[in-house]
Amino acid sequence: SEKILNLFKYKSSIATQYVQTALSLYLPHLQKNHVMSDNQTSPNSRDWLLLIGGSTYKFTLTGFYLVALVAILKNHGYSLNQLSWIHLIGGIEAAKVLFAALMERRPAGRFGRFRGWLLTATLGLSAVFGLMACTDITQNFPLLLACCVLLSAMSAVYGCAMLGLSCIVLPPRERGFGGVIQTMAARGGKMIGGALVLWLYQEYGQTAAAGFMLAFTLLMLLQLLCYREPDSPTAQGSWTALAARLISFWRRPETGWRWLVLLFTVAAPYAFAAATFVPKLADLGFTPKQTGGILAVGIPVACLIVTPLSGWFSRNYPRRKLVFLLYALQLPLLVSMTAIDALARVHPWLPPAQIIALSLSYTLLLPVILALVMDKSDRATAALDSSLQFSVVLLGSYAAGFAALRLAKAIGYTDAYWVAVYLAVLVGLLLYLNRNLFNHSDRDSQ
C-alpha cells in the first residue's frame, strides 16, 4: 500500500508541474501580477464535470484518430501509402501553439473566452462523425482526407480551449488535482477512442463505431450548452511580439539551431516504428479488437506502472547521463523489431510484447525530454517557449510516421525497421556531439 501511495504522489507531482507550466500559456498576465489567482474561487461541480468530461473526450479523439481509424482503414484494404497521409495530416496538432495564441488575443465574446471555441470545435467534430456514421467515407479517399483535416484541426482547437478553460477555472491550489485528472483522462480517453471503438467496429460495424463517437460528441455539446464560463481578462500582447519570440528563442546560446534539430529528431525513431504498429499487427493476423486492446489498453496500463521509474532515475542521475541511458535503451528494442516476423512464428504474442516493451522505453525517456524543454524555457515566457518546443517534437514525430509508412510500403517492414535503427544511431550521435546543451539543464536540476 505504501508503494501504491508513493506512485500516486509521484504521478500527482509530475502532473502538477506539467499542468502549471502548460496552463500558464493562457495566463501570461499572471507573471506580472497575481490578482486573479488570489481572487479565484474554487470550481463548482459543473466545472469539475466539464473538466473531467472534456479532458477524457480530447484523448478519446486522439485514440480514435491514431488507433481506431488507422485500424479500420487497414481492415478496408488501405495501402501503407494511403495511411501515411493520415499520419501527416495528424501533424496539424503541432500548430496548437498558434491556436492558443489566437485564443488568447481574441477578445471574449458572448460565449466567453474559451467556451465559444469549444462549441465551435464540437460542432465541427459532430459534423465529421455524423458524416462518418451516414456515409461510408472509406470508399472516397479525398472525402476521407478532408474529414481527417477537419478532425485534426478541431481536435487541436478543442484541446487548446480545454487547457485554457482549466486555467481560469482551477485556482493554483486545485491544479495538482487537475493534473491528476489530465493524466487519468489521457489513459481512459485512449482506451475509449481506441479499444472500445474498435470493439464496436468489429462487433457491430463501422456505422456503430462512428455513431458512438457522434453520440459522445453530442453529449459534450449538450454539456457545453448548459455550462457558463466564469469571467476572466484577456491577456495583453501583440502579434509582433509573439512572432519575434518564436524566432528569438532559437537564437539563444543554450538553444540555437542545434536544439531545434535535436527536438525535431529525438522522438523520431520511436515515432517511426510506432506508425507501423497498427498495420503490422493487422498483417500478422490480429483483429481490430485485438489491436485496440494491445495499443489502447495494454500500452497505457503498462506505461502507468513503469512511469515512476523515470522519477527515480531523475533523482539519482544528472539529466545529461539520463538522456543517453534511456535513449540507448531503445536501440536493442528497435533492433529486435527487425526480427518481428521470425518472432511471430515462434509465438504469435511475441510481437505485441515487443511493441509494448518499445513503448515503455519511450515512456521512460519522455519525462526527461519534457524536463529539458522546461529547462530551456525562459521564466518570463515559459508557456510560449515550452509550447513552441513541444510543437517541434510533434512535427518531427508525425513526419517520421509519414516516412515510415511510405518506406514500409516501398521496401518492406524489416528494412523499414532497420532505417529506424540507423535513424536512432544518428540521433544518438547528434545527442553526443551536442551534449554541452545539457550542461545548463544539469545545473538547473541540482
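A residue is called buried when its relative accessible area is under 20%, exposed when that area is over 50%, and partly exposed in between, with a 1.4 Å probe and protein chains only. The model is predicted, so that local features need pLDDT of at least 70 and side-chain atom pairs count only at pLDDT 80 or more, while totals for chains, interfaces and linings use all residues. Residues are numbered from 1 along each chain as its sequence is written, and side-chain values use heavy atoms, with hydrogens and water left out.

The structure contains four salt bridges, a salt bridge being a side-chain nitrogen of Lys or Arg within 4 Å of a carboxyl oxygen of Asp or Glu. In one of them, the side chains of E93 and K58 meet at 3.4 Å, N to O. E93 lies in the loop between α4 (80–90) and α5 (96–105) and K58 in helix α3, so this pair ties together parts that are 35 residues apart in sequence; helices here are DSSP runs (H or I, at least four residues), numbered from the N terminus. Both E93 and K58 are buried.

Helix α3 also holds K74, whose partner D283 lies in helix α13 (residues 277–283), so that parts 209 residues apart in sequence are tied together. The closest N and O atoms of K74 and D283 are 3.2 Å apart. K74 is buried, with a relative accessible area of 18%, whereas D283 is partly exposed at 44%. A further salt bridge joins the side chains of E203 and K289 (3.0 Å, N to O), linking helix α8 (residues 175–204) to helix α14 (residues 288–306) across 86 residues.

The largest cavity has a volume of about 100 Å³, and its lining, with residues that have an atom within 4 Å of a point, includes W259, L365 and F438. The elements that give two or more residues to this lining are α11 (256–266) and α18 (350–376).

Helix α3, which carries K58, gives the most to the lining of the second largest cavity, with four residues.

Note on methods
1 Å grid on protein atoms, 1.4 Å probe; cavity = no way out; pocket = protein on both sides within 12 Å on 5 of 7 lines; lining within 4 Å. Points joined across faces, edges and corners; volume = space filled by probe spheres on them.
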